[in-house]
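Look at the fold below before reading on. Keep it in view as the text moves from one part to the next.

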Amino acid sequence: MIVVSDLENRRVIQYNKDWIPLKQIGDEHLYRPTGVAVDEDKKIFVADGQLSSVRVFDADGHLIKTIGWEGSKPGELLKPWFMAFNSKHQLVVADCQNCRIQIFNAVTGEVVDCFKVQLDGYDMNVRGLAIDKHDVIYITAITNTKRPFKKTECAMAYTMEGEFLGRFGSDFFYPRNIRVMEEDGESLAYVVDGAHHRIMVYKL
């Protein structure tokens, strides 16, 4: 199943493997869909930046529940971006404007853990998010500050427990999502470098 968020049209589109559209969902339930994740039961999880929540649809496109609501307490979200499932089938969410990563029980919607994302003493807005086969979390992030200096825009890595493992990339301009893939025995990170209109590839 291929599922794509269509932000400006307030919908999510489902395609088959030949990129033929099968259905669109969420028109009346979504306002600014950002990240999409599909679980093993084919339920579709959609982060909505305007609603500050994650909407969950069944395979037929019916809304079945909502995870989170606007706020800054654990379990609350503020403009979530991308997300992915870890090996425990928990939902890991880039909680962008709260500058943190949150981990939810995908079944109950309850928060399991959350941790702040910082670099050089500054909070970082978390955008893209991917998880590798070892449950390492990779994110794209940008300094959350209005001070008049060049913001840091980079990719970062964390353990599932919130331990910072390092950063890479320094020439991004409005980075968006990130994906980690195995190719010929190597782990590669693909970063969407939004305003530069390019995809950067890094060997991990």
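The paragraphs below go from the core to its strands, then to loops, a separate sheet and a pocket.

This is a predicted model: local features need pLDDT of at least 70, side-chain atom pairs count only at pLDDT 80 or more, and totals for chains, interfaces and linings use all residues. Residues are numbered from 1 along each chain as its sequence is written, and side-chain values use heavy atoms, with hydrogens and water left out.

Start with the core. A nonpolar core is a set of buried Ala, Val, Leu, Ile, Met, Phe, Trp, Tyr and Cys residues joined through side-chain atoms within 4.5 Å. Buried means under 20% relative accessible area, exposed over 50%, and partly exposed in between, with a 1.4 Å probe and protein chains only. The largest such core has 22 residues. Val92, Ile101, Val117, Leu129, Ile137, Ile139 and Met156 touch the most other members. Six strands each supply at least two residues of this core: E8 (80–85), E9 (91–95), E10 (100–104), E13 (122–131), E14 (137–143) and E15 (153–158). Strands (E, at least two residues) and helices (H or I, at least four) are DSSP runs, numbered from the N terminus. E13 gives the largest share of the core, 4 residues.

Contact means heavy atoms within 4.5 Å. Not counting residues up to four places away in sequence, Val92 touches Phe82, Met83, Ala84, Asn86, Ile101, Gln102, Ile103, Leu129, Ile131, Ile137 and Met160.

Now follow E13. This strand is mostly covered, with 8 of its 10 residues buried. Two strands pair if DSSP finds at least two bridges between them. E12 (residues 118–119) and E13 run antiparallel and are joined by 2 bridges. Leu119 stands opposite Tyr122 in E13. The hairpin of E12 and E13 has 2 residues between the strands, and Asp120 there takes a positive phi near 55°. E13 also pairs with E14, in the antiparallel sense, over 6 bridges. Here Ala130 stands opposite Tyr138 in E14. The E13 and E14 hairpin has 5 residues between its strands, and Asp135 takes a positive phi near 65°.

Move on to E15. E15 pairs with E16 (residues 164–168) in the antiparallel sense over 4 bridges. Met156 has Arg167 as its bridge partner in E16. E15 and E16 form a hairpin with 5 residues between them. Gly162, in the turn, has a positive phi of about 95°.

Two loops deserve a stop. Is Glu76 buried or exposed? Glu76 is buried, with a relative accessible area of 13%. Glu76 is found in the loop between E7 (63–67) and E8. Leaving aside neighbours within four places in sequence, Glu76 is in contact with Trp69, Glu70, Gly71, Asp95, Asn98, Arg100 and Gln102. Its C-alpha atom is 8.0 Å from that of Ser52, 24 residues apart along the chain. Cys99 sits in the loop between E9 and E10. Cys99 is not a glycine, yet has a positive phi of about 55°. Cys99 is buried, at a relative accessible area of 2%.

Next comes an open sheet of 3 strands. Its order is E17-E18-E19, with antiparallel pairing. E17 (175–183) and E19 (198–203) are the edge strands, each pairing on one side only. The twist averages 20° from one strand to the next; axes are lines fitted to C-alpha atoms, for helices over the stretch in contact, and angles run from 0 to 180 degrees between N-to-C directions. E17 and E18 (residues 186–193) pair over 7 bridges. Pro175 has Asp193 as its bridge partner in E18. In the loop between E17 and E18 lies Asp184. Asp184, a residue other than glycine, has a positive phi near 55°. Asp184 counts as exposed, at 82% relative accessibility.

Last, the pocket. On a 1 Å grid over the protein atoms alone, a pocket is an open set of points where a 1.4 Å probe fits, with protein on both sides within 12 Å along at least five of seven lines; lining residues have an atom within 4 Å of a point. Grid points are joined across faces, edges and corners, and a volume is the space filled by probe spheres set on the points. The largest pocket holds about 380 Å³ of space. It is lined by 16 residues, of which Leu7, Arg32, Thr34, Trp81 and Tyr174 lie nearest its centre. E4 (33–38), E8 and E13 are the elements that give two or more residues to this lining.
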